[in-house]
Amino acid sequence: MSVINPPATGWRGKVRYRARVLLAEPTTLIGLLLIAGFGYLVVAPLVAIVSDAVRVQYGDDFRAGAPVGAGTSYYLWRVFRSPVSGDLFWEPFWHTLVVGVGVVVFAVALGGAMAWLVTRTNVPGRKFLAGALVVPYMLPSWTFALAWLTLFKNGRSGGTPGYLESWGVRTPDWLAYGALPMIVTLGLHYYPFVLLLFGNALRRLDSQLEESARVLGARRGQAMRRIVLPLLLPSLSSATLLIFGRVLGTFGTPYILGLPTDYSLLSTTLYRSIHTRSSGVAAVIAAVIVLLGVLVVLVDMRLVREQRRFVTIGGKGSMDRATDLRRWRWPAYAAGLAVFTASVVAPLLILLLSTVTYAPGVFSADNFTLKFWVADKIPDAVGFPHGLLVGGELYEALWNSVRIVGLSAVLCGLLGLLVGYVVVRSGSPRIAGTLRQVSFLPYLVPGIAFAAAYLTLFAVPRGPIPALYGTVTLLVLVMVVTHLPYSSRSGIAAMMQLGKEPEEAAQVVGAGWLRRMWRIVIPIQKGALTTGVVLPFISGIKELSIVIMLATAGMPLLTTLSIHLVDYGYTQQANAAVLVIAAVSFAVTYLAQRLTKSNLSSGLGG
């Protein structure tokens, strides 16, 4: 219901009338501004990558045989066809496929088994296991890599030896570094994806379907193959492709476990190309990672559409009967507890013990120390000559992380709610659809490739926009954009549940748009807004793949501090820094669950 007077005659009156209408109900204008802004921040970096891949970069004019800025296929030839293409691309590409497929198999097998255990059986402690088994995803992904290295490290890499080597056990390279450690450690980090997706699908699956098949003579294995697995195909394909997409963009684990034996993935090759100033080669590799990420999500969307025929009719007849494990109940509980121990307790305990001992694996009283935490001076330590809690490096990194990630999370939550408002309230289906799609685009791009795109776009001045490399602004922008798909989907879902009546009532009494948003929409949607802020904060505080490209030495974050300590060979301080990140992540997750009255394992183990 509008309170704006009819337009006056003449073109000036019509313009004034349209301006008043636009100010009173600016949803369309906001939608256009959001589309333009997101279009530049999402599409322009990807265009810049493609442009750099086919234009001669500074310093390459002699090798490319063309002046700087001219079109060229030199970088495509160098990456795909040159004598060094094996080292630059093909070997890392095949390594990425091997590790990606291995992680998917490992995570699906482990996560699927745990999901069945906590949702479809009468295992003791279902509620505890449902919550405990999602904890690994709260940890930085390279936590497991550092714990693995602390345990299995051999003499190939310098610094503190691993536990096994200190006990006289020589671990082979294939066990200490390379594909197998990456598959196991990343699998332990990503299996909660499968647990949540499979768990929710299993929880909604009517157990009467299985019982009907059993009554008709089907064996348990037949019922599983012919009924249960087809119904779980959508969640299986989503989990498989999402995990593979995450592996494409991960950096910390391949860097830590691949560097000693030069076992490179596409992400580490991209990082190395940027740091050797091979910007044209880096642009081609980043474009390949983006293309693979897009293909992964498109395949997932196609499979989900095709598999919508695998549905069940819920309602009063739906039943969820737990399988009676009988004498296997406690062994099953022990198996779940063993997975929790291997994926949470053991890595954190290994890292903690390494930070309070001089020599690894020696647990006599005289070997324990707190110097790696609190010593003012550590002999022979040049790059980081004191304990982690002494000096200003940790506190500077912590402050930078909290303020940058906090500001990004707040902006992300507000923009997500605004996107949801425009998509739901806009009278233009075209604007709503375009905004919905453009806000989802960052989800298609692996994090490290997106960081490379932002580095390409904002490393130099472009028009009125100055060079942003090394600034807080660039880090905030890239974190907001990469987490936008999650906050925007949260905002859209929340706004779809809010009717227009409260706003229309306020509009009748003369409340403008800003006042309606501040006094009505935001208070009602404070839960969704809190979720849209907290989830990006939790992800951002342990983010490495993005910030490793963009954070400079003058602006350290917790994650980059940890990796730089790994580079220095200061194992104990590096492990201590990861423990600090884990503590911050746990604390924020706990507060988020208390504030939003939610749980990462909601729907499981109930």
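Phenylalanine 152 is buried, with a relative accessible area of 14%, where buried means under 20% relative accessible area, exposed means over 50% and partly exposed lies in between, with a 1.4 Å probe and protein chains only. This is a predicted model, in which local features need pLDDT of at least 70 and side-chain atom pairs count only at pLDDT 80 or more, while totals for chains, interfaces and linings use all residues. Residues are numbered from 1 along each chain as its sequence is written, and side-chain values use heavy atoms, with hydrogens and water left out.

Tryptophan 148 is likewise buried, at a relative accessible area of 15%, and together with phenylalanine 152 it lies in helix 7 (residues 142-152), four residues apart, about one turn of the helix. Helices here are DSSP runs of H or I with at least four residues, numbered from the N terminus. The ring centres of tryptophan 148 and phenylalanine 152 are 4.5 Å apart and their planes stand at 40°, so the pair is tilted; rings of Phe, Tyr and Trp (its six-membered ring) pair if their centres lie within 6.5 Å, and planes under 30 degrees apart count as stacked, over 60 as edge-to-face and the rest as tilted. The whole structure holds 22 aromatic pairs, and ring pairs also link Phe80, Phe89, Trp90, Phe93 and Trp94 into a cluster.

We turn next to the nonpolar cores. A nonpolar core is a set of buried Ala, Val, Leu, Ile, Met, Phe, Trp, Tyr and Cys residues joined through side-chain atoms within 4.5 Å. In the largest one, which has 151 residues, Val99, Leu270 and Leu388 touch the most other members, and helix 5 (residues 85-120) gives the most to this core, with 13 residues. Apart from it lies another core, of 22 residues, with Leu418, Val423, Ala432 and Leu484 among them.

Which residues does leucine 270 touch, not counting residues up to four places away in sequence? Leucine 270 touches Ala282, Ile285, Ala286, Ile289, Ile448, Ala449, Ala452 and Met549, where contact means heavy atoms within 4.5 Å. Serine 273, found in helix 14 (residues 266-275), is buried with a relative accessible area of 5%. Leaving aside neighbours within four places in sequence, serine 273 is in contact with Ser278, Val281, Ala282 and Ile285.

Technical notes. Helix = DSSP H or I, 4+ residues; strand = E, 2+ residues; numbered from the N terminus.
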